[in-house]
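Subject: Model for you to look at, with notes

Dear colleague,

I am passing on the model that we talked about, and I would be glad if you could read the notes with the structure open beside them.

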Amino acid sequence: MLRFLAAIGAVFLRFLAATGRLVVFAGVALATAFSPPIYPRVILREMVNIGYFSLPVVGLTAVFTGMVLALQSYTGFSRFAAEGAVATVVVLSITRELGPVITGLMVAGRVGAAMAAEIGPRRVTDQIDALATLSTDPLRYLVLPRLLAGVITLPMLVLVADIIGVFGGYLIGVYKLGFNPEAYLNRTQQYLETNDVVSGLVKAAVFGFIVALMGCYHGYYSRGGAQGVGQATTYAVVSASVLILIFNYVITQAFFAR
Amino acid sequence: MTRTAVPKISVRRLKKSFGRNRVLDGVDIDCATGESLVIIGGSGTGKSVLVKCILGLLQPEEGSIRIDGAETVGLRRTARERLMQKFGMLFQGSALFDSLRVWENVAFGLIQGRGMERQAAKKIALAKLASVGLGPEIGELRPAELSGGMQKRVALARAIAAEPEILFFDEPTTGLDPIMADVINDLIVKCVREVGTTAVSITHDMASARKIGDRIAMLHGGRIVWEGSATEIDRSGNPYVDQFVNGRAEGPIQMEIRAA
């Protein structure tokens with residue numbers, strides 16, 4: 001019994017230590033933003049990597065999510081003659097939940113893994129130490145631009161995903177389910193509030209930070225050659241995905257709990 | 001070689017462990033201004049760890065490291081960044097940034113570290129590349145397009161680009177053929193003499209140690225077991241040094257070999 005409790009205690013202590021390391025890593029990296037130099041070229045490059053190159057995959061998932069949502073809500077609501085709510089359900093679900101969450105998960109898979117895979121070999125081949133010997137703080141040069149790019153770019157991506165997702169719902173609503181186009185668009189706007197879109201964008205900013213942080217953290221501390229780098233990319237994607245779902249609940253609670 | 005009262009680098013009672021493995025166990029060593037010190041020792045004896053501690057890339061548990069008489073252990077980030085401007089380092093695997101072109105690698109410390117304008121930094125980078133025997137056309141290539149010897153030369157050009165006060169060389173000739181190794185040794189000697197910097201090299205290549213070192217120290221068991229001028233190495237009278245220099249399996253240094 002005592003051995004069992006000791007094992008649970010050891011796991012809990014390891015969890016606390018890992019959380020502490022992650023928080024210190026994020027804090028030290030963010031603290032570099034308050035003193036020069038800042039690297040705008042690197043930030044811009046990372047914004048293009050995260051935003052522009054994620055557009056196809058985010059657009060595709062958003063349009064199909066909107067389409068499925070319209071179909072599912074129609075078949076569900078038709079059981080109690082509430083088909084008219086389809087447009088409202090689509091726009092609220094996309095802007096509040098599905099837009100930011102699906103974009104966050106897609107970007108975690110595409111960008112988080114790429115960040116870990118890019119930074120990991122730099123650790124293994126001494127490039128991070130080389131940065132330090134060239135009077136360049138590795139956290140300032142490698143981590144901060146990615147964190148900032150994640151926070152700035154994800155909301156833009158989510159805004160695009162929201163529009164494409166709602167458009168996917170519109171396509172199904174009008175061309176398959178036979179809604180009047182004008183009525184569908186009216187219903188889409190009617191119950192949509194600023195807070196719905198803003199909460200999604202706040203989620204997006206937080207998810208962007210999480211994806212970049214987990215990619216950088218696991219890449220920065222990867223060990224043991226190719227195997228270590230592979231492990232780092234897996235950890236980056238899994239931990240970012242789990243954290244996105246946890247923080248999705250936390251932010252939803254903060255915005256909408258009465 | 002100019003000797004001054006205050007050593008350029010002074011290491012005292014330095015200790016560093018990884019888990020239960022104590023790698024450095026009270027290292028004491030000095031390096032005078034303008035001197036070229038070579039630290040020799042077997043693989044895994046902590047030569048790289050010692051240099052990384054001096055550079056501040058690793059934190060020692062105990063001991064003191066003074067640069068120009070000022071303590072550097074426990075320096076804050078900004079003070080450490082300023083101190084780094086005194087250093088240049090050639091890494092064992094060259095550690096070139098593979099996403100940048102060769103000239104950008106050489107100019108990196110000037111542009112990012114010191115805020116120099118790109119065109120001015122490029123001029124300096126191309127001049128440094130020329131000083132290690134590489135033409136301007138090489139500057140436009142990526143590191144992956146270069147041979148191991150050329151990568152070492154680029155790494156050397158990068159290390160000297162900002163004309164640092166102290167240069168560190170980590171196994172500068174490892175993995176190179178004997179001729180290219182000698183070319184690198186000659187370039188190191190030329191760079192150190194031309195710029196007049198203090199140099200600390202770590203190697204287990206004795207030909208390299210004899211050529212680039214004014215003074216040689218041997219690290220074993222976490223401590224410096226012998227130090228003397230490069231010309232004294234063959235008559236050191238130290239059994240560890242004798243075994244290492246002559247490359248004998250028998251002697252006080254026992255390699256950990258286990259039957260499979």
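Predicted model: local features only at pLDDT ≥ 70, side-chain atom pairs only at ≥ 80, totals over all residues.

Residues are numbered from 1 along each chain as its sequence is written, and chains are lettered from A and ligands numbered from 1 in the order in which they are written.

Chain B has nine helices and ten strands, these being DSSP runs numbered from the N terminus (helices H or I, at least four residues; strands E, at least two). Its radius of gyration of 19 Å agrees with the value near 18 Å that a compact globule of 260 residues would have, where the radius is taken over C-alpha atoms and the globule rule is 2.2 Å times the number of residues to the power 0.38. Of the 260 residues of chain B, 45% count as buried, that is, 20 or more other C-beta atoms, placed from the backbone, lie within 10 Å of the residue's own.

Six strands of chain B form an open sheet with mixed pairing, in the order β6-β7-β8-β3-β9-β10; two strands pair if DSSP finds at least two bridges between them. The edge strands, each pairing on one side only, are β6 and β10 (223-229) of chain B. Within the sheet, β3 (residues 36-40) and β9 (residues 215-220) of chain B run parallel and are joined by four bridges, and I40(B) has M218(B) as its bridge partner in β9(B).

Turning to the interface, 19 residues of chain B are in contact with 13 residues of chain A, contact meaning that the C-beta atoms, placed from the backbone, lie within 7 Å. On the chain B side, α2 (77-84), β6 (87-90) and α3 (102-113) of chain B are the elements that give two or more residues, and the largest share, four residues, comes from α3(B).

In chain A, the axes of helix α3 (residues 55-77) and helix α4 (residues 86-124) come within 9 Å and cross at roughly 145 degrees; axes are lines fitted to C-alpha atoms over the stretch in contact, and angles run from 0 to 180 degrees between N-to-C directions. Among the residues that meet there are L69(A) and F77(A) in α3(A), and I94(A) and R110(A) in α4(A).

With best wishes

Note on methods. Buried ≥ 20, exposed ≤ 12 C-beta atoms within 10 Å, placed from the backbone. Contact = placed C-beta atoms within 7 Å.
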